[in-house]
Amino acid sequence: MLAAGVMSPPPPRSIDAMALPIPMMRDILIKTMFRMNLNHVSTLSRAVCLPVNVTQELLDLARSHLLLEATGSLTATGSNEMGYQLTDAGRARAQDALRQSEYYGAMPVPLSVYREQIARQSIRNIQITRDQLTTAMGHLILPPALISNLGPAVSSGRSILMYGPPGNGKSSISNGIRDALGDRIYVPRAVEYAGQVITVYDPIVHASAEDETQDPTSLRRTTGRFDTRYVRCERPTVITGGELSLSMLDLVYNPVARTYQAPLQMKSTGGIFIVDDLGRQAEPPQALVNRWIVPLEESRDILALQSGEKFEVPFDTLVIFSTNFHPNAIFDQAALRRIFYKIKIDGPSQADYLKIFSIVARKKKMPLDEATLIHLLNDLYPTIDNVYANYQPVFLIDQMVSICEFEGIPYQMSPALIDRAWANMFVQSEEIVR
């Protein structure tokens, strides 16, 4: 099955097709019944994210183990479904299983099956055209050469380092790259490895793109159905800044629930991982890149369980590093070699600066004034060696808007107002007397 160009994961047809340990599936089923007080195959099917026939197989299995008993059909409510309830042995088993792991609900996807789906929807399968990238960046004023450099880098699905002076749109460009991807993928709610559950789907990171709800009681799968242990999502984007630490790239173990949460780079699988303000983190940039040497080169990451056991997961992420520092100041050559594309983001030319200034003024309903612009370009910018930055028009116009509102006058530009705005954009170097 295809959805927006990505082959969707087919729903499992039987317990054997699940490729999960039978005791694990049985325990998740009875824990779900116990915690959510569910008694019918239709509601249980929705809760554990399995087809009705597979859920029925699990119910029959638990019943054969004397953990469940049938309660008959409930015709009074208009339903002719068979009802089930936990036996005393079933409740005892559910409580014991909850002491081992609090996880219940959606059945996890085995790591081996997860790998197959990642291959179907790999970020490296995407081919971005110039038109797609230009459209996604349409709100930015960028030199044509920059689009020419970004296009092949994004289409490769490999790592990108964007560097240059602050305030020139590196973060906005990263977001534009995300918008250019456009299609949808399937994110597992949870993954299983060695009997351990690792939750992956995170509503904070993943934007669900579900466009239809179907009757979970239906035994027939209509066109477009997929394995509901996955959530159909926009390609994910994880954005981190100065708060990023090496520990955030490891599995997070919850000692109370006795389950794991996927690290940030695993949540971004099939999408983009943006490391903004590289060089502002507690760990040096070199240490962060060293952590990703194997993933960046071999497209696989190594994670570790609490027991110390290590295992491999796919690393299928477009990593974008963004920094205000020169790369040679924060990386050695070995690290730089492992980042496939290095793209410098310079400030705008004077012509592009004026375009940005005009666009921002129109958006803010601030009328342009020729004398003010001449004063800005001829008198003020020479004091900083005519170094233009993309953030400056927004800053200056917002300052003038605030002054006009405070003074109770219509929005306007003047040399005097731009001087007041300019004074707030920079801090003069001077000795502070204590």
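A crossing of two helices is called left-handed if the near helix is turned anticlockwise from the far one by less than a right angle, and right-handed if it is turned clockwise.

## Basis of the report

The structure is a predicted model, in which local features need pLDDT of at least 70 and side-chain atom pairs count only at pLDDT 80 or more, while totals for chains, interfaces and linings use all residues. Residues are numbered from 1 along each chain as its sequence is written, and side-chain values use heavy atoms, with hydrogens and water left out.

Helices (H or I, at least four residues) and strands (E, at least two) are DSSP runs, numbered from the N terminus.

## Two packed helices

Helix α14 (residues 350-363) passes helix α15 in a right-handed crossing. Two packed helices are described by the angle between their axes and the distance between the axes. Axes are lines fitted to C-alpha atoms, for helices over the stretch in contact, and angles run from 0 to 180 degrees between N-to-C directions. For α14 and α15 (residues 370-380), the angle is about 145° and the axes are 13 Å apart.

On the side of α14, the contact (heavy atoms within 4.5 Å) is made by Q350, Y353, L354 and F357. Helix α15 contributes L373, L376 and L377. Of these contact residues, six are nonpolar, one is polar and none is charged. In this classification, Ala, Val, Leu, Ile, Met, Phe, Trp, Tyr, Cys and Pro count as nonpolar, Asp, Glu, Lys and Arg as charged, and the others, Gly among them, as polar.

## An open parallel sheet

Strands of a sheet pair through backbone hydrogen bonds, either parallel or antiparallel. Here, five strands form an open sheet with parallel pairing, in the order β11-β14-β17-β6-β18. Two strands pair if DSSP finds at least two bridges between them. The edge strands, β11 (237-240) and β18 (341-344), each pair on one side only. On average, neighbouring strands of this sheet are turned by 15° against each other, direction ignored.

Strand β14 (residues 272-275) is joined to β17 by four bridges, and the two strands run parallel. F273 has V319 of β17 as its bridge partner. Helix α7 (residues 144-156) lies across β6 (160-163), β17 and β18, and runs at about 155° to β18.

D316 is located in the loop between β16 (310-314) and β17 (318-323). Because its relative accessible area is 8%, D316 counts as buried; buried means under 20% relative accessible area, exposed over 50%, and partly exposed in between (1.4 Å probe, protein chains only).

Residues up to four places away in sequence not counted, D316 touches several others, including I118, S122, R124 and G271. The side chains of D316 and S122 make a polar contact of 2.6 Å. Such a contact is a pair of N or O atoms within 3.5 Å; within protein, one must be able to donate a hydrogen and the other to accept it, and residues adjacent in sequence count only if both atoms are side-chain atoms.

## A buried residue and a loop

I330 lies in helix α12 (residues 327-330) and is buried, with a relative accessible area of 14%. Leaving aside neighbours within four places in sequence, I330 is in contact with L278, P285, Q286, T323 and F325.

D385 is placed in the loop between α15 and α16 (391-407), and N386 is found in the loop between α15 and α16. D385 has a positive phi near 60° although it is not a glycine, and N386, also not a glycine, has a positive phi of about 55°. D385 is exposed because its relative accessibility is 66%, whereas N386 is partly exposed at 38%.
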